[in-house]
Amino acid sequence: MYRRMGEDNKDKEGATIRPIEWKNDRLCLLDQTLLPHEKKYVECYTYSDVARAIKDMIVRGAPAIGVSAAYGVVLGAAEYKGDDVEGFLKHVEAVAHVLKNTRPTAVNLFWAIERMLKVAFDNKQRSVDDIKDMLLKEADKMAQEDVETNRRIGHFGQQLLKDGDVVLTHCNAGALATVGYGTALGVIRAAHEAGKNISVYADETRPYLQGARLTAWELMEEGIPVTLITDSMAGYFMKKGVISAIIVGADRIAANGDVANKIGTYTLAVLAKENKVPFYVAAPVSTFDLSLESGEDIPIEERDEREVTHIGGIRIAPHGVKVANPAFDVTPNEYVTAIITDRGIVYPPYKQNLEKLVNKNPK
């Protein structure tokens with residue numbers, strides 16, 4: 001079982017928010033279920049610990065889940081005792097299977113695990129110890145790439161924002177949802193760093209309150225002005241002309257540009273189109289799933305009903321009430337103004353332009 005540790009876990013650059021860190025042969029995860037009241041880290045010693053942390057949303061956000069799963073493979077590989085490569089590879093496959101079954105919607109989870117499996121199987125002529133070392137190097141590489149990728153997303157995306165803009169965001173697509181910097185909040189952070197006077201309206205994001213608990217906290221930590229609103233207030237502020245743009249993250253983007261993101265995103269997109277507010281999605285190329293023709297093919301996770309019936313462990317709904325709790329919805333591509341990626345900004349028609357982008361060699 002993983003255990004919690006103290007709160008002082010800054011990275012080497014002194015960043016205030018570092019949700020994922022490999023340290024002393026274990027994975028340290030900022031426990032996002034305790035924010036904003038407590039800043040504590042969980043130590044994962046085994047791949048089962050990592051799987052539990054992903055399921056329990058101690059770590060959340062598509063890029064963060066992917067990198068955490070990669071380190072989960074590293075921990076699982078370390079548990080194998082012996083030098084039989086064939087047996088080792090079967091063990092790693094079994095570890096990968098467990099990790100893949102934690103959460104179904106975020107494609108980064110599967111992308112990261114498949115990348116780790118490729119490293120293992122492409123080097124099956126090497127010794128078990130060599131492959132274990134290579135797996136750790138690959139996970140470290142993914143973690144570093146994630147921060148660099150997010151900074152590129154921020155670089156491209158901030159060009160869409162003007163000084164004085166008010167940006168509405170949903171859920172949390174910031175440093176907490178990644179290894180660092182963030183996707184949607186990375187765009188906002190980059191604009192802020194460029195000296196633009198940017199402020200944010202953050203949806204609380206029921207039922208898990210990632211906006212109220214995480215986005216508001218993260219932006220305050222970074223000194224970026226933020227106003228918290230309930231989800232049902234978004235349309236009001238759009239109609240009043242307060243909102244300049246909407247920027248959200250994504251958990252999976254289909255070949256046609258349909259976007260799966262936290263439940264409530266589709267509602268925002270429809271309201272944005274009605275009120276002529278640009279609606280942007282910020283995501284790395286690893287979030288694209290071109291094997292799926294449309295968002296209709298994206299699996300949607302159904303979560304525990306207690307997330308709806310309870311807040312902070314206190315029941316707010318009557319006993320026995322029937323509950324539906326889909327964690328994500330799908331926004332059709334016609335509502336998406338542009339998709340901001342680490343390789344540039346993509347505009348409609350998405351089917352052709354996403355394929356070109358994915359097949360383009362990254363710089």
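Q: What counts as an aromatic pair here, with which cut-offs?
A: Rings of Phe, Tyr and Trp (its six-membered ring) pair if their centres lie within 6.5 Å; planes under 30 degrees apart are stacked, over 60 edge-to-face and the rest tilted. The model is predicted, so local features need pLDDT of at least 70 and side-chain atom pairs pLDDT 80 or more, while totals for chains, interfaces and linings use all residues. Residues are numbered from 1 along each chain as its sequence is written, and side-chain values use heavy atoms, without hydrogens and water.

Q: How many aromatic pairs by that rule?
A: Five.

Q: How are Trp22 and Tyr71 arranged?
A: They are stacked, because the ring centres are 5.2 Å apart and the planes at 10 degrees.

Q: Where do those two lie?
A: Trp22 is in strand β2 (residues 20-23) and Tyr71 in helix α2 (residues 62-78), so the pair ties together parts 49 residues apart in sequence. Helices (H or I, at least four residues) and strands (E, at least two) are DSSP runs, numbered from the N terminus.

Q: And what about Tyr201 and Phe237?
A: Their centres are 5.1 Å apart and their planes at 65 degrees, so that pair is edge-to-face.

Q: Is Tyr201 buried or exposed?
A: Tyr201 is buried, at 15% relative accessibility. Buried means under 20% relative accessible area, exposed over 50%, partly exposed in between (1.4 Å probe, protein chains only).

Q: Switching topic, which ring does Lys273 sit over?
A: The charged end of Lys273 sits over the ring of Tyr335, 5.1 Å from its centre. The rule is NZ of Lys or CZ of Arg within 6 Å of the ring centre and within 35 degrees of the ring normal.
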